[in-house]
Amino acid sequence: MGMDTGKNVPADQSCQIKLPIGRSSFADIRENGYYFVDKSGLIKELLKTEAAQVTLITRPRRFGKTLGMRMLAEFFDIRKDSRALFAGLAIAREQEICKKWMNQYPVLFLTFKDVGGNTFEHAFGMLKSVISNLCVEHAYLGSSKSVDSIYLEKFAKLKEEKADDAVVKNAVALLLRMLHAHYGKPAILILDEYDVPVAHAKGYYGQMMEVVGPMIGTAVKDNDSLKFAVVTGCLRIAKESIFTGTNNFVSDTISDTRLDEYFGFTQPEVDRLLQDAGLLNHAQEIRQWYDGYRFGRCDVYCPWDVVNHVGRLLLDGGAAPGNYWENTSSNSVLREFLGRAELDVGEKFEALLAGGYIKEPVEENLTYDVLGSSEENLWSLLYLAGYLTRLREGEVPKGSLPPGWYALKIPNAEVMGIFQKSVNAWFVERSACSDRRGLFAALWEGDAGKLTEILSGLLFDTISYHDYRESFYHAFLAGLFANAGYRVESNYEAGLGRADLVVKDRKNRRAAVVEAKWTDSEGGMEKACEEALSQIEQKQYAKKAEHSGYLRVVRLGVAFYKKQCLVKAG
């Protein structure tokens with residue numbers, strides 16, 4: 001999405017702005033007057049290397065890849081007249097390019113974004129459906145007098161989803177040859193989200209590669225019916241042999257500079273959008289939450305986040321920033337990373353959660369079947385998938401990074417929240433699986449010394465954030481006592497105030513009231529414990545439990561300083 005609206009919208013007409021939330025059809029956006037950030041310069045840039053057989057563009061999800069590819073399809077497609085769609089955009093001023101390329105070539109556009117499933121059979125069925133729909137779109141080829149009869153027979157079977165596996169694997173190459181024969185010109189292939197089928201392959205990676213590899217490989221390698229191909233995905237998968245042997249292969253990743261401004265919103269683009277929407281007063285919060293990505297030499301915002309939040313603000317000017325990018329995926333990669341017991345990454349996560357950076361080697365030629373084979377691969381994945389970004393030149397001491405190493409940080413507040421939630425969930429899961437019998441024995445006995453020892457040991461093994469504030473320690477305690485067969489009430493409404501934590505054992509009619517404090521020095525822990533116990537008594541936190549029939553109520557004051565803990569019983 002980029003910045004001509006088709007018509008420039010002044011700030012005093014912000015109510016007229018129509019944001020294309022959830023829309024990725026270039027024609028739909030332009031024909032219906034949706035706000036469009038002009039990224040048509042991508043066309044000119046790609047054509048500078050028209051001799052390249054394949055251009056692979058990799059970016060994280062929700063950075064405008066699909067809209068960009070649909071824009072390319074509309075520009076080149078010989079079946080259409082796209083002059084009105086591109087009127088007023090940057091590419092329209094390039095008269096020679098438009099004369100030579102606009103609507104001059106057959107185009108085959110397909111996306112693999114929906115090809116997946118829990119089983120190979122389901123995913124392969126989805127793939128056959130995608131090919132069938134493509135045949136329906138180009139149904140005219142089925143009766144073309146310029147196409148060989150053998151091709152026509154295979155085309156009919158693909159359309160009806162009755163083709164055998166060999167024909168399916170060769171389907172894209174077949175359609176390119178049919179387009180070439182019908183129009184007398186080689187075709188342009190635009191393949192969006194090429195890596196989704198293997199990225200989502202749950203236990204059938206090898207089987208899916210045996211289909212997707214030949215399907216793409218036969219289409220792009222030594223194919224005289226191919227003018228050129230533009231392919232997008234989240235990762236560059238050069239080692240998987242999909243593009244091995246492809247002539248003039250060009251790759252553009254988030255580390256490259258050539259196309260850095262065309263995926264994501266730049267600062268001037270966001271400024272203009274906010275001005276047009278009358279929301280310049282929200283610029284700082286939007287920068288804090290959705291900016292921070294470094295592609296090539298360009299700093300960009302996540303466009304999905306910006307458009308969604310601006311849309312929300314137009315409806316409710318007081319709307320708080322939302323987790324729009326987070327909600328488009330399970331974000332399981334972080335949990336899987338943390339769950340690898342053999343990897344000691346706690347200190348690195350703490351550095352990131354504190355707003356700092358880590359130095360790691362980045363491998364951009366990853367294969368999905370070995371993503372988790374090493375710690376280096378996992379850090380590379382977090383970088384390539386948008387969970388981390390690299391620091392600018394000048395932000396790291398010159399000469400401090402070996403070749404192939406980057407200084408990586410969390411890009412913004414939204415992704416910081418994803419990290420924090422993942423760490424919390426990891427700790428709760430880890431606690432639930434651990435042997436906590438000693439912990440609870442000490443709790444019910446009110447053994448302050450043993451609790452100090454156990455909690456200090458557990459705290460040392462956690463991944464902390466929020467600069468060790470009270471909320472972190474509260475979450476730490478709640479996670480330890482949760483899912484253990486007891487009733488755990490956090491910020492419990494009790495007596496004259498709110499106790500931090502109440503643990504109830506109904507079977508044995510006993511409860512524990514825990515008040516936690518954090519201090520800014522080791523020497524202040526003793527006093528903090530006494531204050532916590534005093535608060536329990538003064539606020540009568542334990543009274544409600546006693547009045548509810550619990551025969552024994554343990555009172556505990558807990559003090560924290562960084563990764564140290566002190567417990568006292570009242």
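Start by selecting helix H16, residues 346-353: this helix lies across strands E8 and E10 and runs at about 125 degrees to E8. Helices here (H or I, at least four residues) and strands (E, at least two) are DSSP runs, numbered from the N terminus. Angles run from 0 to 180 degrees between N-to-C directions, with axes fitted to C-alpha atoms, for helices over the stretch in contact, and contact means heavy atoms within 4.5 Å.

A word on what is loaded: this is a predicted model, in which local features need pLDDT of at least 70, side-chain atom pairs count only at pLDDT 80 or more, and totals for chains, interfaces and linings use all residues. Residues are numbered from 1 along each chain as its sequence is written, and side-chain values use heavy atoms, leaving out hydrogens and water.

Next, pick helix H17, residues 375-384, which lies across E8, E9 and E10 at about 110 degrees to E8.

Now show the strands themselves. They form an open, antiparallel sheet of three in the order E8-E10-E9, where pairing requires at least two DSSP bridges between two strands. E8 (358-361) and E9 (389-390) stand at the edges, each with a single partner strand, so one side of each has no neighbour in the sheet. Zoom in on E8 and E10 (residues 405-409), joined by four bridges; click Lys-359 and you will find its bridge partner in E10, Ala-407.

Last stop, the cysteines. With a disulfide being two cysteine sulfur atoms within 2.5 Å, the count is zero.
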